[in-house]
Amino acid sequence: MFCYQCQEASKGVGCSIKGVCGKTPEVANLQDLLLYTTKGVAIWSQLGADNGINTDKADKYIIDALFITITNANFDSNKILEKIKEGYAIQDELKAQLDAPVELHDSAVYRAKDENEMESKSLLIGILSIENEDIRSLKELLTYGLKGMAAYGEHAWNLGFENPEIYAFIRKALIATTKGDITADELLPLVLECGKFGVDVMALLDKANTESFGHPEVTSVNIGVGKNPAILISGHDLKDLEELLEQTQGTGVDVYTHSEMLPAHYYPKFKKYENFVGNYGSAWWKQTEEFETFNGPILFTTNCIVPPKASYKDRVYTTGASGFGGCTHIADRQNGQPKDFSAVIEHAKKCAAPTEIESGSIVGGFAHNQVLQLADKVVDAVKSGAVNKFVVMAGCDGRMKDREYYTDFANELPKDTVILTAGCAKYRYNKLPLGDIGGIPRVLDAGQCNDSYSLAVTALKLKEVFELEDINDLPIVYNIAWYEQKAVIVLLALLHLGVKKINLGPTLPAFLSPNVAKILIDTFGIGAISTVEEDIKNWIV
Ligand code: FS2
Ligand code: SF4
């Protein structure tokens, strides 16, 4: 195995023995083959599209397969094997409808006969099979952007919102990664174009979420517990949450959010469910402690899964692109019917109520619509000097000790700064007593990592209000924490919107070769974090 797609890549280089995330070599290699098969599906899907054939099934497959390979989404080797076979079948279906060209890339032709062949093939087509480190770096940067795009695309699609242009770009970009003779000059524009479609997919998901559930509004979310047995729902998929809430009505089972599902509380439509009690715990990596004390079943709708401890593994359920061998997987919707969460609900009824680990509440819901309603207040605060700077601290949290930097940074920021956040990065500072500035809380949480889109909309609106030429003239500093591939698409999207001088941490991606890193630094002013003291001195004061 070799994997360097996330921030926790071993020694800042790559995982080659076992994933720091817990991914075994078997799963890592199968994921490589799944990605390879997906590229083959993209080739066939493109041929189909060029010949007027419906490629819906192939495009959905591509989205789902890419999502499965995101960091800590799916550890289930059987599921990945099945998905590879499904990819072969989809390729064959398209092939049967087409006069195929003679020369096709191996990924569109190769079929492993059995699991042994899959294993041996996977060893030949991994990341390191690309010899030139700059080409490898650009192809992987592009691929990781596509993975993030696919995840957001899948949530939008689950709510019935699609944009065929996004699927077409994913196809085109995947096909580009199969080309052995492609140059850096050809790959770089594709990476930047990926950012354009990153904006589009986040806008699509924003539309899907807000049209389905209303615009997020300022909300105080309970972080204590009630007396009923309960289900903890994690991940990003709001359609799954809606169906779970519907199915738990009248059962005596409560529902709590974990990690990236917290922002669901900000949506008006979910407020009508009395059994939607609050948020339990914090960011994804704390789950090994927090799932113990939750006592009831946990439903993962997406990443981030930490391999569960034996003490609670039987309470872990997965659905959608997520999976873990030995845990029950809730099947996809069939024929427009909701998923069936009855097994999770019945399980919850036999469990004790959650053990309280904290009490009180946290405030969030500052997505674009809400912030724009407060625009006058915000603009006045900037004009009067009460707010000196906004600091975008969006992105991901992670288990590495050096992420304490973000708590210290938030604590040490001058009192005339406001943090704009989205994603699970917020848990490093959203429970600190940072106070407010004339009624504006000093931490404004827009929502999930995809709601970084909201932060961009807010910034663009402020640019308009202040009549500035350039988004970079705003009093905004970017200090973004990344972990997995959704942060990659968020970063590429911000670059597409013209944002410069984004500081990225806690470390720069291992998949950036020195030359590719230099291009990003020279062109976009991307920087690394240093110490809290230095960074505050250089960026804020
Ligand atoms: Fe956090 Fe994990 Fe949101 Fe990422 S819960 S690192 O998936 O996508 O952010
Ligand atoms: Fe390592 Fe991250 Fe890849 Fe897991 S996803 S194997 S931690 S680089």
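Here are legends for a handful of close-up views of this predicted model.

**View 1. Ligand 1 and the residues around it.**
Which side chains put a polar atom by an oxygen of the ligand? His 236 does, with a polar side-chain atom 2.9 Å from an oxygen atom of ligand 1. Glu 260 has a side-chain N or O atom at 3.3 Å from a ligand oxygen, and Lys 486 has a polar side-chain atom that is also 3.3 Å from an oxygen atom of ligand 1.

**View 2. The cis peptide bond at Asn 303 and Cys 304.**
The peptide bond running from Asn 303 to Cys 304 is cis, and its omega is near 20 degrees. As for where this happens, Cys 304 sits in the loop that links β5 (298–300) to α10 (310–313).

**View 3. Ligand 2 and its shell.**
Now over to the other ligand. Around ligand 2 you'll find Met 1, Cys 3, Tyr 4, Gln 5, Cys 6, Ala 9, Cys 15, Gly 19, Val 20, Cys 21, Lys 23 and Thr 71. By class, the shell splits into 8 nonpolar, 3 polar and 1 charged residues.

**View 4. Lys 11 and its backbone.**
Lys 11 isn't a glycine, yet its phi is positive, at about 55 degrees. Look for Lys 11 in the segment that comes before α1.

**View 5. Helices α1 and α3 side by side.**
Helix α1 (residues 25–50) packs on helix α3 (residues 77–96) at an angle of about 15 degrees, and the two axes are 9 Å apart. An angle under 35 degrees counts as roughly parallel, so α1 is roughly parallel to α3. The crossing of this pair is left-handed. On the α1 side, the contact is made by Glu 26, Val 27, Leu 30, Gln 31, Leu 33, Leu 34, Thr 37, Gly 40, Val 41, Trp 44 and Ser 45. From α3 come Ser 77, Ile 80, Leu 81, Lys 83, Ile 84, Gly 87, Tyr 88, Ile 90, Gln 91, Leu 94 and Lys 95. Split by class, the contact of α1 with α3 has 12 nonpolar, 7 polar and 3 charged residues.

**View 6. Helices α6 and α7.**
How are α6 and α7 oriented to each other, roughly parallel or roughly antiparallel? Helix α6 (residues 164–177) meets helix α7 (residues 184–213) at an angle of about 150 degrees, with 10 Å between their axes. The cut-off for roughly antiparallel is an angle over 145 degrees, and α6 and α7 are therefore roughly antiparallel. Their crossing is left-handed. Glu 165, Ile 166, Phe 169, Lys 172 and Ala 176 are the contact residues of α6, while α7 brings in Leu 190, Glu 193, Cys 194, Phe 197, Asp 200, Val 201 and Leu 204. The class tally for the contact of α6 with α7 is 8 nonpolar, no polar and 4 charged residues.

**View 7. Helices α5 and α7.**
Here α7 is shown with another partner. Helix α5 (residues 133–158) and α7 pack at about 15 degrees, their axes being 9 Å apart. That angle makes α5 roughly parallel to α7. The α5 and α7 crossing is left-handed. In this contact there are 20 nonpolar, 4 polar and 1 charged residues.

**View 8. The cis peptide bond at Gly 505 and Pro 506.**
Gly 505 and Pro 506 are joined by a cis peptide bond, with omega at about 5 degrees. Pro 506 falls in the loop between β15 (502–505) and α17 (514–524).

Technical notes: Residues numbered from 1 in each chain as written. Chains lettered and ligands numbered in written order. Predicted model: local features only at pLDDT ≥ 70, side-chain atom pairs only at ≥ 80, totals over all residues. Heavy atoms only, no water. Axes fitted to C-alpha atoms, helices over the stretch in contact; angles between N-to-C directions. Helix = DSSP H or I, 4+ residues; strand = E, 2+ residues; numbered from the N terminus. Parallel < 35°, antiparallel > 145°, perpendicular 65-115°, else oblique. Left-handed = near helix turned anticlockwise from the far one by under 90°. Contact = heavy atoms within 4.5 Å. Nonpolar A, V, L, I, M, F, W, Y, C, P; charged D, E, K, R; others polar. Polar contact = N/O pair within 3.5 Å; in protein donor to acceptor, adjacent residues only side chain to side chain. Near = heavy atom within 4 Å.
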